[in-house]
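Please look over the structure below before reading on.

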Amino acid sequence: MRSAFEFRLPQRRLVATELPGPRSRALTARRVAAVAAGVGSAVPVYAADADGGVVVDVDGNSLIDLGSGIAVTSVGASDPAVAQAVSDQIRHFTHTCFMVTPYEGYVRVAEELAALTPGGHEKRSVLFNSGAEAVENAVKVARLATGRMAVVVFDHAYHGRTNLTMAMTAKSMPYKAHFGPFAPEVYRMPMSYPYRDEPGLTGERAAARAVTAIEKQIGGDAVAAIVLEPVQGEGGVVVPAPGFVPALAEWARANGVVFVADEVQTGFARTGDWFASEHEGVVPDLVAMAKGIAGGLPLSAITGRAELLDAVHPGGLGGTFGGNPVACAAALAAIDTMRRHDLPAHARHIESLVVPRLRALADDVPAVGDVRGRGAMLALELVVPGSADPYPELATVVQAAALAQGVVVLTCGTHGNVIRVVPPLVIGDELLLDGIGVLESILRASLASGDVPVVER
Ligand code: PLZ
């Protein structure tokens, strides 16, 4: 695909210093004396600039960005349309509070979300600041509208770090450990995870397994909401078997349960559709969104059936900063960029370029147990050769080696053994394949070189 984008920064990989370089190391020294140790960073390299598919660090290294700031900068980190919209808005007002003197940008974003999210039904939206806040509010709405309390979530799920969403997130370390007690009435069910499920378990049967557990452990008439990532992100880019998501949505409909799609990570073109639910024609009752929605500015939303959202009493939903006017202006510009350049098609193109390369790699490198994902949300699951045992040590080594060669790549997964490829959707082919080539050469060499701790289990 020929790039229709013109970038401010050269789209190249350039390693000018050791990584991290001296300026990044000096910032790390200041950071440890000022920033709480509880905040992590994937790589110890400080950004000075970013555009298209590159992040330029404070030492002048130009790094290929295969992480998009955790799947956020789909339109790039400095899309000119977003930058223009933000600066125009800032010159007028930065804040009035939608709950005090409302403004058109918020209404326009809600109109766009009604048009873009799956389903032709009457919809309403509310805007917030973070993905966790969106998920949490989806649960509030589902509980009020149904008069029920139980919330169903799944193994490997990630929904956030607030008290309720910690309860909904599966992984203890680092997200939940020692932060309890957690919110009650959250029930975790088995996920469909084709690489690790018994061979041949269809999506329908995996859904039936979850439904049986729901009916036995909670009772269908006690469930307010099923909250599901249609493709799981932090949990390891787990793509459920075909039929899983539609079967759960259908069961929810038949039982008066609100089906909430957590599209915080999958939304806004990431998986090759505007929303991942569309892939199998699923129409969620409520959609939670954030990340890619506003070109990097903090904005999140829930959009859903009018009768659910309008059931809530006036004043029941909101927040001081929710739907900030600058973030709304950014969202309108980012959505326009996504539409004008057909970024869902870009995501599918990225899949078509990268997946064959990763599959060939998996054929040669026994530590690559699985290649999966959809659109520009792709991943390699690393395992101890000759087994399906997770190999997080190798993922850590690959991430560090990639950085040394000028590529930023993220790990994820319940076991920390998944390398994910989630580049900006505007990244050019050459840059993307250069980055993939670096990952390939590291993985091909890693086990032979002895750099990786050989794990006996
Ligand atoms: N739902 C599906 O992926 C955020 C979190 C990284 P916030 N994922 C990245 C970290 O370590 O904090 C996420 C998500 C899904 C909800 C969230 C939460 O979104 O904007 O981070 O609150």
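**The ligand site**

The model is predicted.

Which side chains place an N or O atom at 3.2 Å, 2.7 Å or 3.1 Å from a ligand atom? The table lists them.

| Side chain | Ligand atom | Distance to an N or O atom of the side chain |
|---|---|---|
| Tyr158 | oxygen | 3.2 Å |
| Asp262 | nitrogen | 2.7 Å |
| Lys291 | nitrogen | 3.1 Å |

On its own, the ligand has 510 Å² of accessible area, and the protein covers 81% of that.

**Helix 8**

Helix 8 spans residues 244-254. Which of its residues are buried? They are Phe244, Val245, Leu248, Ala249, Trp251 and Ala252. These residues lie on the same side of helix 8, because they cover an arc of only 160° around the axis. Arg253 and Ala254 sit on the other side and are exposed.

What do the buried residues pack against? Their partners are two helix and strand types: helix 7 (203-217), along with strand 5 (150-154), strand 7 (223-228) and strand 8 (258-262).

Just after helix 8 comes Gly256, with a positive phi of about 70°.

How values were computed
Residues numbered from 1 in each chain as written. Predicted model: local features only at pLDDT ≥ 70, side-chain atom pairs only at ≥ 80, totals over all residues. Heavy atoms only, no water. Polar contact = N/O pair within 3.5 Å; in protein donor to acceptor, adjacent residues only side chain to side chain. Areas by Shrake-Rupley, 256 points an atom, 1.4 Å probe, with all protein chains shown as cover. Buried < 20%, exposed > 50% of the residue type's maximum accessible area, 1.4 Å probe, protein only. Helix = DSSP H or I, 4+ residues; strand = E, 2+ residues; numbered from the N terminus. Arc of directions from axis to C-beta. Contact = heavy atoms within 4.5 Å.
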